[in-house]
Amino acid sequence: MHRALLAFVWCILVFPSLYAQEFRITGSVVDATTDEPLEATTIYAESPKDSTLVSYTISDENGFFEMEDRSTLKELNLFFSFNGYRTLTMKVEGQAVLQLGVLKLEPQTEELEGVNVVADRVPIIIKKDTLEFNADSFKVRPDATVEELLKKLPGVEVDSDGKITVNGKEVNQVLVNGQVFFSNDPKVATKSLPKEIISKIQITDTKTKAQEFTGESGSGESKTINLTIKEDMNKGVLSRITAGYGTDGRYQANTLFNYFNGNERISIVGASNNINSAGFSFDEIYDMLGRSRGGININREGGFSISGLNFGFGQGIITSNTLGGSYANSKKGEYELLGNYFFASSDSYNDEKISRENILPSGVFFTDSESSFEGNTVSNRGAASFIFDIGKSLRVTVEPAMSVNRTHSVDASTTQSSTNEDGLLNLNERLRNEDGVGRNFTNRFDMTQKFDTLGTFVRLFFNNTNSTNDKTTGLLNTNDIFGDNARTEILNRNTLSEDENDTYELGVTYRQVLGKKLFVDLTYKQREEKKANVRSVFDFDMNMNSYSNFNEALSSDFVFKTSQKIPALGIKRDREKLNMGVDLEYVFSDLNIAEFLRDNTFEKSYKNILFNGYVNYTIKEGKRVSVYFDSDFNLPQINQLQPVPDVSDPLNIVTGNPNLDPSVSKNIYLNYNNFNWKDRTGMFLYMGLNFQDNLISPVTETDDNLLRQTTYMNVDGNYNHYGGMGYSREFKKDSTLSVKLNVRPYFNLQKNIGFVNGQRLEARRNTFTPRISTSLNINKILEVEPGYSLTFNSTKYNIQSYEDINFTSHNAELKMTLYWPENVIWGNDIRYNYNGNVSDGFDKDALFWNMSLGVQLFKKQTTLKVLAYDLLNQNINTRRTTGQDFIQDFQGTVLQRYFMLSLTYKFDQFGGKKSKEGNRFMF
């Protein structure tokens, strides 16, 4: 079998190359009236027969271009396209070396018939602040998602979690026809929409709606992708439905419905499964592999959320149900409307094992715990955005959002603490159950009035956040203490917690034009916040057989009020090459804290000066250097201020410190990126420096029985620095073989400070991860994507008697997709993970292999698929972490091997021609 496969690959690679001949075309492009070179002119070659793209290139700063490729065609149609100029067209020999000399483009003074037809086929257009790709110029497999298309674009990278970067800058939103698609999470659109309906992919610096209205430039910290729908598909229905069932009772069902009518869109999504998936990706190969979780955010504990809806409490196996709807409509110059609603429910369970080595000035002690958890969440969330343009100079924006979340959980755990010298010192058994209801409402009102076309405006804004969170927690805890003072402590109590948070902010900004593209901003903000926390603790009364004994010592009734006055001054310069801005804020903060149960109050006032700014300098097309800096401060949380013991964990009783000061964070970020469109090579460098002053850090006292008391204090000297680089290059042998190479090493340097038994503990954690990956596409039939990374971890402590910790982790992956025979798709996703230096009893490595085989039936309208998840049954969830006073190994429940048979049905109905696939019909 493997010999036959190798022979097939050799055939599809070599045979077409025998007939393809090399061609090389060079020249220079200039303005016909001034003879100035036209940098970033798009030169592309097409087949005269069917206008299929053969190759393309971009001119450099001198207007010079070089196109080198292979083709079987004897003639090519060659196009020269530059924004604002008439497209130059010529017919050239397809198998020759040509020197075209200087080519002059005429400025386009009026719309010419047929110009748009040609412009629609330009593979890439580079404008001042926009990079535009023609979707049809980049070939991907049939029925590919937008995410697969983005991976083919030069300068664009998509990692295994769906995170998108463009020349090193993260994409933080993906729009569809200029409108938000369900939420700002880019993965909702990129993993749900098929590539075949997309006309253009436009990439710009991220701007707020207010910045778009006033013509302001974005800071350049992040990117926005706008997907435009093909005109003949912008009126109709696009729908998908999938159902699958497998071994061990595993199942998945999801549906997607989109109705397009010009600028109006109605979308509905639904999903139900027990395979830890949101179900929003309809990728034909990997949609049910567990790794491809479309439209979701994965937290570090393993749970996930969609548009603010939480699924599960963390690790483990999650059964989820989701239903959502979205409506969008707009009329240019008048209004933009967007509304969405999500319902979600989930059940999760998880078994965990944790082994922790705790560092004391006098030595170490060990805690080993095992726990079993079950939980349920039910969430509802609705949000809307209303933008109204009143004339050409006044815009009003209202953006409300509301959510309700209900939770229930039961957590049983056993923990034992010991030392090498004394053996077992305490044994703790805990049963905790909790029921909670959280409600949240936010709204933003924004009104902007423009006074001229130069940039003068005034903006009035009002924001509010109102939330409540009520919880009932039951705790049954048995703590056996051994040694000379042996005893057993039993806690049986019920805690009622009521939290309220109301925040209001009112502000105004005035911008005055000082000169050409030079502005000054004057801003004033008033922010009022009130946090109320009532904690009522009741001990179990044996006589009354109820929780009726009020425990005043552990109960509290706090109100935390903050009043802030923030005047600000900003100066901004927005030029073609140099874009910069500096803001200075003077923050006056007044805090009032009252504890009514004990009749205690105290007040504090703070004054802080905060600087924020950015500098973006465009050296040349595709080459840019950026510097960002900001400072911020964070007020202490209620639980950090409350001088009332929290005994939810009897092994570590936490008491707040009312004398805490705010922590101040200072950040500097540097970025350099350079993408050579001609050679399709890209490089970017980045580094971030984070310094923490007055960071709120834990202070712990551990007694002889290894029971801990923790409070907080302000500490200077913490930092978190990071940096790295990226290099990518695309190699193209001819139309049969393309290779994309990515090299991305990065590092992280951290210093964490805490106090244990009166001594300052410092941990310096350093990690360095070299990573390399590549993708090979052979004749658009076989795709191979290998990758490897090696992480070096080092933790150094300031206690000389304690050894430093050094270990390595390995991650290798291989993704392979074969589109052969016709209508058959075979996918493999293989990953190997190795966690160095974990404790005995923890799995160190695993080979994780997912495989699927799909067959497209009925003119590709239906896909039948067989999936093998964790084929070798080796999936693990093991990791090692370190801190200033601990080393911890963790292992939790994971989804393991199952097999599933699924069926996907597509129904698309658009105006225009009947689809070649036969599953679209005319209205």
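**Ground rules**

Here, buried means under 20% relative accessible area, exposed means over 50%, and partly exposed is anything in between, with a 1.4 Å probe and protein chains only. Keep in mind that this is a predicted model, where local features need pLDDT of at least 70, side-chain atom pairs count only at pLDDT 80 or more, and totals for chains, interfaces and linings use all residues. Residues are numbered from 1 along each chain as its sequence is written, and side-chain values use heavy atoms, with hydrogens and water left out.

The areas themselves come from the Shrake-Rupley method with a 1.4 Å probe, and for residues just the protein chains shown count as cover. Helices (H or I, at least four residues) and strands (E, at least two) are DSSP runs, numbered from the N terminus.

**Salt bridges**

Side chains of opposite charge can pair when their charged atoms come close. A salt bridge is called when a side-chain nitrogen of Lys or Arg sits within 4 Å of a carboxyl oxygen of Asp or Glu. Searching the whole structure turns up 33 salt bridges.

Take R511 and D521, whose closest N and O atoms are 2.7 Å apart. R511 belongs to strand β28 (residues 487-515) and D521 to strand β29 (residues 518-541), so this pair ties together parts that are ten residues apart in sequence. Buried or exposed, what are R511 and D521? Both are buried.

**Two more pairs**

D205 and K223 pair up through their side chains, at 2.7 Å from N to O. That bridge links distant parts of the chain, with D205 in strand β14 (residues 198-205) and K223 in strand β15 (residues 223-229), 18 residues apart. D205 counts as buried because its relative accessibility is 15%, and K223 is buried too, with a relative accessible area of 15%.

R764 and E762 make a salt bridge as well, with N to O at 3.5 Å. The two partners fall into separate classes: R764 is partly exposed because its relative accessibility is 36%, while E762, at 13%, counts as buried.

**Charged patches**

Patches are built from residues with over 30% relative accessible area and no salt bridge; like charges are joined within 9 Å, and nonpolar side chains (Val, Leu, Ile, Met, Phe, Trp, Tyr) within 5 Å. Lys and Arg count as positive, Asp and Glu as negative, and His and the chain ends are not counted. Each charge is placed at NZ of Lys, CZ of Arg, CG of Asp or CD of Glu.

On the negative side, D351, D368, E370 and E374 gather in a surface patch. Strand β24 (residues 363-390) supplies the largest share, three residues. D368 lies in that strand, β24, and counts as partly exposed because its relative accessibility is 30%. On the positive side, K516, K517, R573 and R575 form a surface patch. R573 sits in strand β31 (residues 556-574) and, at 30% relative accessibility, is partly exposed.

**A nonpolar patch**

Which residues make the nonpolar surface patch of about 810 Å²? They are F451, Y510, L522, L569, L584, Y586, F588, I609 and F611. The elements giving two or more residues to this patch are β32 (578-595) and β33 (600-620), and the largest share, three residues, comes from β32. Y586 is found in strand β32 and counts as partly exposed because its relative accessibility is 34%.

**Around L337**

L337 has its place in strand β23 (residues 335-360) and is partly exposed, with a relative accessible area of 27%. L337 and F386 are 49 residues apart in sequence, yet 4.9 Å apart in space, C-alpha to C-alpha. Leaving out residues up to four places away in sequence, L337 touches Y327, A328, N329, S385, F386 and F388, where contact means heavy atoms within 4.5 Å.

W820 and P821 are joined by a cis peptide bond, with omega about -5°. P821 sits in the loop between β46 (805-818) and β47 (824-835), and N823 is found in the loop between β46 and β47 as well. N823 is not a glycine, but its phi is positive at about 70°; at 27% relative accessibility, N823 counts as partly exposed.

K859 is another residue other than glycine with a positive phi, near 55°. K859 is in the loop between β48 (845-857) and β49 (862-869) and is exposed, with a relative accessible area of 62%.
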